[in-house]
Amino acid sequence: MRRLGTALTAVVLAGAAVSATAVTATAASATGAAPAAACDTAGWGSALKSADADAHKPLTAIRTGQHDCFDRMVFEVPTAGGKPVGYRIGYVKELHQDGSGDLIKVGGGAILEIRVAAPSYDPGTGRATYPGKAGKPLPGVNIAGYRSFKDTRFAASFEGDTQIGLGVAKRLPFRVTQQNNQLIVDVAHS
């Protein structure tokens, strides 16, 4: 009899827990709160990522966007015949400008250093193809309200590479993909 009473108590408690969960879910829907999106960031990681350079032209633009699970930074680099763009992207304690070694302050809880194997100027004429200024925020990039991105800084365009500092909330997983003339860096929200 005692086992039956214990089993009955367990069933009643389990039913109460299910009811409470259903009430909470209903209340969230009624208040307009959306359920959290399932974010699959398996395999992203926070370790250094790189790819060898191939034929390309100078960097022409940098833009950003917000998504449900990550913030995105896109580098426009026209490539020769669709070949991949070289890059080296990883977390650093401080951002030091290529060439001079000068410290560039980057806000946020962690700094993601992004090096794209493309100059931000035309090597033939020396004319800027991307108007970044050392130590300044990226021109035309507004990250106000982003969850992962907290600051952007142009560091340098030196010896064929463009160097960017991306301040993020904390050391978060990221991935790097390439598509047509774009190098894409996604930083997860958690």
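Author: Happy to! One term before we start: two strands pair if DSSP finds at least two bridges between them. Also keep in mind that this is a predicted model.

Reader: Nice. What is the strand order in the open sheet?

Author: The order is β1-β4-β7-β9-β8, five strands with antiparallel pairing. At the edges are β1 (49–51) and β8 (149–158), each pairing on one side only. On average, neighbouring strands of this sheet are turned by 15° against each other, direction ignored.

Reader: Which strands does β7 pair with?

Author: Strand β7 (residues 110–116) is joined to β4 (residues 87–92) by six bridges, with Y91 standing opposite L112. Strand β7 also pairs with β9 over seven bridges, in the antiparallel sense. There, T162 in β9 is the bridge partner of V116.

Reader: Is β9 mostly covered or mostly exposed?

Author: Mostly covered: seven of the eight residues in β9 (residues 161–168) are buried.

Reader: Switching topic, how many salt bridges are there?

Author: The structure holds six. One of them joins R63 and E76, with the closest N and O atoms 2.5 Å apart. R63 lies in β2 (residues 61–66) and E76 in β3 (residues 70–76), so this pair ties together parts that are 13 residues apart in sequence.

Reader: Which residue does D98 form a salt bridge with?

Author: D98 bonds with R115, and their closest N and O atoms are 2.4 Å apart. D98 sits in the loop between β5 (95–96) and β6 (103–104), while R115 is in β7, 17 residues apart. Relative accessibility is 17% for D98, which counts as buried, and R115 counts as buried at 19%.

Reader: Last one: which residues are linked in a network of salt bridges?

Author: R72, R175 and D186 are. D186 is buried at 0% relative accessible area, whereas R175 counts as partly exposed at 27%.

Technical notes
Residues are numbered from 1 along each chain as its sequence is written. This is a predicted model: local features need pLDDT of at least 70, side-chain atom pairs count only at pLDDT 80 or more; totals for chains, interfaces and linings use all residues. Side-chain values use heavy atoms; hydrogens and water are left out. Helices (H or I, at least four residues) and strands (E, at least two) are DSSP runs, numbered from the N terminus. Axes are lines fitted to C-alpha atoms, for helices over the stretch in contact, and angles run from 0 to 180 degrees between N-to-C directions. Buried means under 20% relative accessible area, exposed over 50%, partly exposed in between (1.4 Å probe, protein chains only). A salt bridge is a side-chain nitrogen of Lys or Arg within 4 Å of a carboxyl oxygen of Asp or Glu.
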